[in-house]
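Please bring up the sequence and the model on the screen.

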Amino acid sequence: CSNSDDKSSTTPAPNSPVSACADPSAPTAAPPLSETAAQPTQITLNLTTASPGQVVAVTVEGGLPNPCYKLGRFEEKREGCALFLNPVMISTADFCVQVLGSFKETYSLTAPDQPGKYWIVAGSSLAVTAQLEVRP
């Protein structure tokens, strides 16, 4: 890394930065996936009434911060009469043009086994909801 004629070996002081020369021909590792919660703006159900165990198509729409993000998966959590669907965005790029994007994804939700009225909540905002009635 340096063209110094000094051949002596020195040990860096603790907590001091150590410089290293990277081999330019060495393969570089892919950047780690970065995950963050998406912010849905709308939710629709293909059915508003279902039987226990029936699959209901839940379509969730929302925004993406830039084109490097995509919708990766949904996390599903049930609490009492609320079913929470949290869309998770994934990005592999460290830098991306800041242009807003959008997503529209359909998730297959299995209706609860117990009859009743359930709230489907998309994301962390309680403002994006739909209601599903499960009848025997």
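Glutamate 75 and arginine 73 join their side chains in a salt bridge, with 2.9 Å from N to O. By salt bridge I mean a side-chain nitrogen of Lys or Arg within 4 Å of a carboxyl oxygen of Asp or Glu. Before going on: this is a predicted model, where local features need pLDDT of at least 70 and side-chain atom pairs count only at pLDDT 80 or more, while totals for chains, interfaces and linings use all residues. Residues are numbered from 1 along each chain as its sequence is written, and side-chain values use heavy atoms, with hydrogens and water left out.

The structure has five salt bridges. Another of them connects the side chains of glutamate 76 and arginine 78, at 3.0 Å from N to O. Glutamate 76 has a relative accessible area of 34% and arginine 78 has 39%. Glutamate 79 and lysine 77 also pair, at 2.9 Å, with glutamate 79 at 40% and lysine 77 at 46%.

Now the overall layout. The protein has zero helices and nine strands. Both are DSSP runs numbered from the N terminus: helices are H or I with at least four residues, strands are E with at least two. Buried residues are 29% of the 136 in the protein.

Which residues touch the most other members of the largest nonpolar core? They are Ile43, Val58, Ile120 and Leu132, in a core of 25 residues. Such a core is a set of buried Ala, Val, Leu, Ile, Met, Phe, Trp, Tyr and Cys residues joined through side-chain atoms within 4.5 Å. Strand 4 contributes the most to this core, namely four residues.

Take leucine 132 as an example. Leaving out residues up to four places away in sequence, leucine 132 touches several others, among them Leu45, Val56, Ala111, Tyr118 and Ile120. Contact here means heavy atoms within 4.5 Å. Across the protein, of the contacts with a separation of 6 or more, 64% are between residues 24 or more positions apart.

Key. Buried means under 20% relative accessible area, exposed over 50%, partly exposed in between (1.4 Å probe, protein chains only).
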